[in-house]
Amino acid sequence: MRVALRPALAAMHRYAGLLLAGFLLVIGLTGSVLAWTDELEGALMPAVFRVTPPTPSAMPFEPLLLRERIAARFPQAQVVYAPLSAAPGRSMVFYLRAAGEAPLAHDEVFVDPYSGAVLGQRKWGEIGQGLINLLPFVERLHYALALGDTGLLVFGLVAMIWTVDCFIGAALTFPAHVKKRTPGGKPWLARWRPSWLLRRHGGSYKLVFDLHRAGGLWLWAMLLVFAWSGVAFNLYGAYAAVMNPFFAHQPAEEIVGRHRAAPGPHLTWQAARSQGRSLMNALAHQQSFTIVEENALAWEPGLGVYSYKVRSSRDVREHKGLTTVFFDAASGKLLASWLPTGAASGDTIRSWISALHMASMWGWPFKLFICAMGLAVAILGITGVLVWRRKRQGQARRKSAGS
């Protein structure tokens, strides 16, 4: 690296690191917990989140019949989302939306798919409701410090700074530029090698410094995935502004957002599911993918659109597939489709970095890895502050000795 550039990059990295340190501590620790959301919720409140078939051959209730029951039980709400399958041993969750001006006390209802019994209710993220909302509240801390839209914006900006700082931090590990190669001098890669290593016998400061530098290098790719996917989650407009000029994306969101509800009755939920299945089968044949399981049917009254989701061979997530068809709620006409991978490079990238960020693939070994990554993110923030503090103390001592 050019010598004149290094001080400027070092200053940028220093101040960005000091700004990010507290956020990284929160993000890392909460992210480690969130990697095990399903397991922790099932362990904390098994009566709500876990179900057992009454007999080995028992079949779950018809999902749309359960939706009708929930709609009848909560007449003050709209049940605009119906899960069409549930993970083995897990309750089904139905989402409620206020039908009028009055807010709902609960917006999620957990149902035993074998008996139809309501197992629990919660207002997602409302920690005042107790243990049932512990993990959602941790998630609110993770992406917005539980501060609503303000926190969402702040954490989006934090993710942008973190993304840029990933590149600055990596550049600072590069060996200094050598104008002329001296006889017997080491090649560039050999001079870069110490940046990847820990000096175990150089004292506590050197160990902390090496943990920060080498840890950042070894984990650099996943740190960038965390940072950039955080921008996609919190500031999608900024993410799209960077990605869309270089990578193709499917226009499903734009098409659906422009659609307006047609007057007259809409398809019943049963008819909508049949139409969704038909459209999805046609899309699978056209795009050469296989359907693994159907996941959900949702209705957007304001737009007059049904969306039908399945998990397909184009999905990278293990559960809750995102392969989707959107169709007019009155006529059943196909409006748009969206495939997680294979249709547009930009969407493929977003699907992968999102799934990696949320540990929604490759089972428990990857969850364990993401849990460890969260702890590593917290440690990188702490070691960065310790390195800055030690250097600041050293500068103060030199100034004192000079005076």
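Student: Which residues are linked in a network of salt bridges?
Tutor: The network joins Asp38, Glu41, Arg90, Glu108 and Arg122. A salt bridge here is a side-chain nitrogen of Lys or Arg within 4 Å of a carboxyl oxygen of Asp or Glu. Please note that this is a predicted model, in which local features need pLDDT of at least 70 and side-chain atom pairs count only at pLDDT 80 or more, while totals for chains, interfaces and linings use all residues. Residues are numbered from 1 along each chain as its sequence is written, and side-chain values use heavy atoms, with hydrogens and water left out.

Student: How many salt bridges does the count come to?
Tutor: The count comes to 13 salt bridges.

Student: Why can such side chains pair?
Tutor: They can pair because their charges are opposite, when the charged atoms come close.

Student: Which residue does Lys367 meet in a salt bridge?
Tutor: Lys367 meets Glu39, at 2.9 Å from N to O. The pair links distant parts of the chain, 328 residues apart: Lys367 is in helix α14 and Glu39 is in helix α2 (residues 37–44). Helices are DSSP runs of H or I with at least four residues, strands are runs of E with at least two, and both are numbered from the N terminus.

Student: Is Lys367 buried or exposed?
Tutor: Lys367 is buried, because its relative accessible area is 14%. Buried means under 20%, exposed over 50%, and partly exposed in between, with a 1.4 Å probe and protein chains only. Glu39 is partly exposed, at 32%.

Student: What about Glu62: which residue is its salt-bridge partner?
Tutor: Glu62 pairs with Arg273, and their closest N and O atoms are 2.6 Å apart. Glu62 sits in the loop between α3 (46–49) and α4 (63–73), whereas Arg273 belongs to helix α12 (residues 269–287). Arg273 is buried, with a relative accessible area of 11%.

Student: Changing topic, which residues make the nonpolar surface patch?
Tutor: Leu25, Leu29, Leu375, Ile379, Ile382 and Leu386 make a patch of about 490 Å². Patches consist of residues with over 30% relative accessible area and no salt bridge; like charges are joined within 9 Å, and nonpolar side chains (Val, Leu, Ile, Met, Phe, Trp, Tyr) within 5 Å. Accessible areas come from the Shrake-Rupley method with a 1.4 Å probe, and for residues only the protein chains shown count as cover.

Student: Which element gives the most to the nonpolar patch?
Tutor: That is α14, with four residues.
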